[in-house]
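User: I am new to this structure and would like to learn how to read it. Please take me through it feature by feature.

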Amino acid sequence: MGSQSCPSSKLPLLDFSMPESTKPGSSEWESLKPQVREALEEYGCFEACFDEISSELLGAVLRSTEEIFELPLESKQRNVSEKPYHGYVGQIPQLPLYESLGIDEATVTERVETFANTLWPQGNPNFSKTIESYAEKLSELEKVVRKMIAESFGIEKHIDENLNSTNYILRFSKYNGPNTDDVELGMAQHTDMNLVTILHQNQVDGLELQTKDGSWIKFQPSTPNSFIVMISESLTAWLNVRLRATCHRVMMSGNEARYSLGLYSYPKDGSIIEVPEEMVDEEHPLLFKPFNYEEFLSFYYTEAGQAAPSALRAFCGM
Ligand SMILES: O=C(O)CCC(=O)C(=O)O
Ligand SMILES: [Fe+2]
């Protein structure tokens, strides 16, 4: 990899910590809604403040993340899943800096406890309590954002069904510093396939985002406690591509390890994503047939899915 880094940039910073800002219909809600829409139109993502998750909780979450990666490889590899990219991922020759583990249905107490018991056979109640609280609170922010998006397009009558058929996976990632003078690949460029992704990281930067003109910017958080909210392919499909998912990657430099946590909302097994009729008109012809997310994800991980410029269009485009 080259030794050059791309320019740093700030994203729009939206404040979900204001009282009432997560209460539908409040003046704070109404003022944030167009800002969410505008930021997503421009960048496909934004930075969010959300002090429902306190600094103490964020500190505990990052310590818990470090605790996971300190475990021996055999322990981490016990985190298995029949779904691709849901269990332990690591030891990939092309991505030597990267390792991650996921908890599927991370807002469900038993699922978090099962994950903890898999990693620590003697249990780790502290970990479970911290992580469950984090996933639960952050999933509330995710729902607020999705609801604001739906209202901004006048499709709020479909939102309850959309919200009620959602699961959340929480992924813990570690990227080692390359320990050279070069910038090295942590994670290859991609868009996420789910609905909405919310990321939080430690103090080591590395996330890069592709702007509309195709250039790359390095994300630099405005405050250590903020989150990046990003829309992903399945949500853009639901919106008939009125918003676009952002292409992103992780590039690492220096000696320090970067830790990140991603909360990914995705449609529950068996649920179908169908573009609401309000999103279709002469100017915006229907782009996707109704699709099942699980089937789409299986296709995405096939050779044809990986080779397609847009896996979603290849899978269910009109
Ligand atoms: O670590 C990050 O900030 C990004 C992770 C990511 O893009 C992913 O897991 O899909
Ligand atoms: Fe991603």
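User: Which residues are around ligand 1?

Analyst: A ligand can be read through the residues that form its shell. In this predicted model, the residues around ligand 1 are Arg171, Ser173, Met187, Asp192, Leu199, Gln201, Leu207, His248, Val250, Ser260 and Gly262. Strand 6 (166–175), strand 8 (196–201), strand 12 (248–252) and strand 13 (258–267) each give two or more residues to that shell. Sorted by class, the shell holds 4 nonpolar, 5 polar and 2 charged residues.

User: Which residues does the UniProt annotation "domain: Fe2OG dioxygenase" cover?

Analyst: According to the unreviewed UniProt entry, that annotation covers residues 165–267. Over residues 165–267 the chain is 50% strand and 6% helix, with the end C-alpha atoms 6 Å apart.

User: Which residues have the most contacts inside the largest nonpolar core?

Analyst: Nonpolar side chains tend to be buried together in soluble globular proteins. The largest nonpolar core in this model has 78 residues, and Leu170 and Val229 have the most contacts inside it. Helix 5 (residues 125–152) gives the most to this core, 11 residues. Leaving aside residues up to four places away in sequence, Leu170 touches Gly102, Ile103, Ala106, Ile131, Ala135, Leu261 and Leu263.

How values were computed:
Residues numbered from 1 in each chain as written. Chains lettered and ligands numbered in written order. Predicted model: local features only at pLDDT ≥ 70, side-chain atom pairs only at ≥ 80, totals over all residues. Core = buried A, V, L, I, M, F, W, Y, C linked by C-beta atoms within 7 Å. Buried ≥ 20, exposed ≤ 12 C-beta atoms within 10 Å, placed from the backbone. Helix = DSSP H or I, 4+ residues; strand = E, 2+ residues; numbered from the N terminus. Contact = placed C-beta atoms within 7 Å. Near = placed C-beta within 6 Å. Nonpolar A, V, L, I, M, F, W, Y, C, P; charged D, E, K, R; others polar. UniProt positions renumbered as here; feature names shortened; annotations may be inferred.
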